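Please bring up the chain in your viewer and follow along.

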Amino acid sequence: MKKIVVYLQVLKLFWSTAIAAELEYRLNFLIAVFSSLISLTGSIFTLFLFYRTNYTFPGWSWNESLVVLGMFTLLQGVSAALLVPNLNRIVEQVQQGTLDFILLKPISSQYWLSLRSLSPWGFSDVLFGLIIIIYASFQLELNIPNYFLSFITVGCAIISLYSIWFMLGATSIWFVKIYNVTEVLKGLLEAGRYPISAYPAAYRIFFTLVVPVTFLTTVPAEILLGRNQGIWLLFSGLLAIVLLIISHCFWQFALRYYTSASS
């Protein structure tokens, strides 16, 4: 229990200093909000182009597809606020040898690398995502308990995405120039803007079994809509736990091959 308190205190210190540093450039926040708004407008317009001709994704109405888009925007905001400023730096720390200093600290190196920074510039996407989800949900007259169940799967989706991203970053111990791999991952995640049924069968299998895009946006939307809640909750939770454990084991394995900059 004492260890948990210490880690929470460290996290508070991490995020307070990170936000204080970021807020020195407050104009960046307005730029981030404007960029998020432009990106979201483009996504809604693209979705509108599908539905204006009476075309629908199989099993998904306009408002139901908006829920998926809202989930994607929310997850994109979390990524920009937490994953990008931390996990994209792993490669840099390996290259420059600053990983040595992290490994010497009396705290889990994975914890440090994963939570050291917090960027407020992703909060606008989180807010816009929530607005879209709430708007579409009211149009569909969904049940309140569905919100709680859905955001459990959102939490699982964040853990799953983090685990995959962290493992890709950890491969920089062997392959230093790994930036392109994370960009490929971000590109694949763009598929989460739309329901998984929008894609051909082969793509649906790939986005479910290889890169679990289905569990990042479509599944939380399915839960919110009240579809197969028990099955999706079970699989989302199992996937998040398994990937988190694998990411930890993979990091410990990778450190065996890390050559210190001082050695």
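## About the model

This is a predicted model, in which local features need pLDDT of at least 70, side-chain atom pairs count only at pLDDT 80 or more, and totals for chains, interfaces and linings use all residues. Residues are numbered from 1 along each chain as its sequence is written, and side-chain values use heavy atoms, with hydrogens and water left out.

## The chain as a whole

The protein chain has 12 helices and zero strands. Here helices (H or I, at least four residues) and strands (E, at least two) are DSSP runs, numbered from the N terminus. The radius of gyration, taken over C-alpha atoms, is 19 Å, close to the 18 Å that the globule rule gives for 263 residues (2.2 Å times the number of residues to the power 0.38), so the chain is as compact as a globular protein of that length. Along its principal axes, the C-alpha trace spans about 65 × 40 × 40 Å.

How much of the chain is buried? Buried residues make up 46% of the 263 residues, where buried means under 20% relative accessible area, exposed over 50%, and partly exposed in between (1.4 Å probe, protein chains only). The accessible surface comes to about 14,000 Å², and 70% of it belongs to carbon and sulfur atoms. These areas come from the Shrake-Rupley method with a 1.4 Å probe; for residues, only the protein chains shown count as cover. Looking at contacts (heavy atoms within 4.5 Å), residues 24 or more positions apart account for 80% of those with a separation of 6 or more.

## Helix 7 and its cover

Helix 7 covers residues 123–140, which is 18 residues, and reaches 26 Å from its first C-alpha to its last. That is close to the expected 26 Å at 1.5 Å a residue; the expected span is 1.5 Å times one less than the number of residues. Its buried residues are S124, D125, F128, G129, I132, I133, A136 and S137. What covers them includes helix 2 (27–51), helix 3 (62–87), helix 8 (144–170) and helix 11 (218–224).

Two residues let you see this packing from the other side. S36 lies in helix 2 and counts as buried because its relative accessibility is 7%. Leaving aside neighbours within four places in sequence, S36 is in contact with S124, D125 and F128. N63 sits in helix 3, and at 16% relative accessibility N63 also counts as buried. Not counting residues up to four places away in sequence, N63 touches Y135, A136, Q139 and L140.

Which residue just after helix 7 takes a positive phi? The residue is E141, with a phi of about 55°, although E141 is not a glycine. Most residues other than glycine have a negative phi. E141 lies in the loop between helix 7 and helix 8 and is exposed, with a relative accessible area of 69%.

## Aromatic pairs

Rings of Phe, Tyr and Trp (its six-membered ring) pair if their centres lie within 6.5 Å; planes under 30 degrees apart count as stacked, over 60 as edge-to-face and the rest as tilted. By this rule the count comes to 17 aromatic pairs. One of them joins F50 and Y194, whose ring centres are 6.1 Å apart with planes at 65°, so the pair is edge-to-face. F50 belongs to helix 2 and Y194 to the loop between helix 9 (179–189) and helix 10 (201–210), so the pair ties together parts that are 144 residues apart in sequence. F50 is partly exposed at 32% relative accessible area, whereas Y194 counts as buried at 16%.

Y51 and W62 form another edge-to-face pair, 5.7 Å centre to centre with 75° between the planes. Y51 lies in helix 2 and W62 in helix 3, so this pair ties together parts 11 residues apart in sequence. Y51 is buried at 11% relative accessibility, while W62 is partly exposed at 28%. Ring pairs link F50, Y51, F57, W62 and Y194 into a cluster.

## A charge over a ring

The charged end of R227 sits over the ring of W60, 4.6 Å from its centre. The rule asks for NZ of Lys or CZ of Arg within 6 Å of the ring centre and within 35 degrees of the ring normal.
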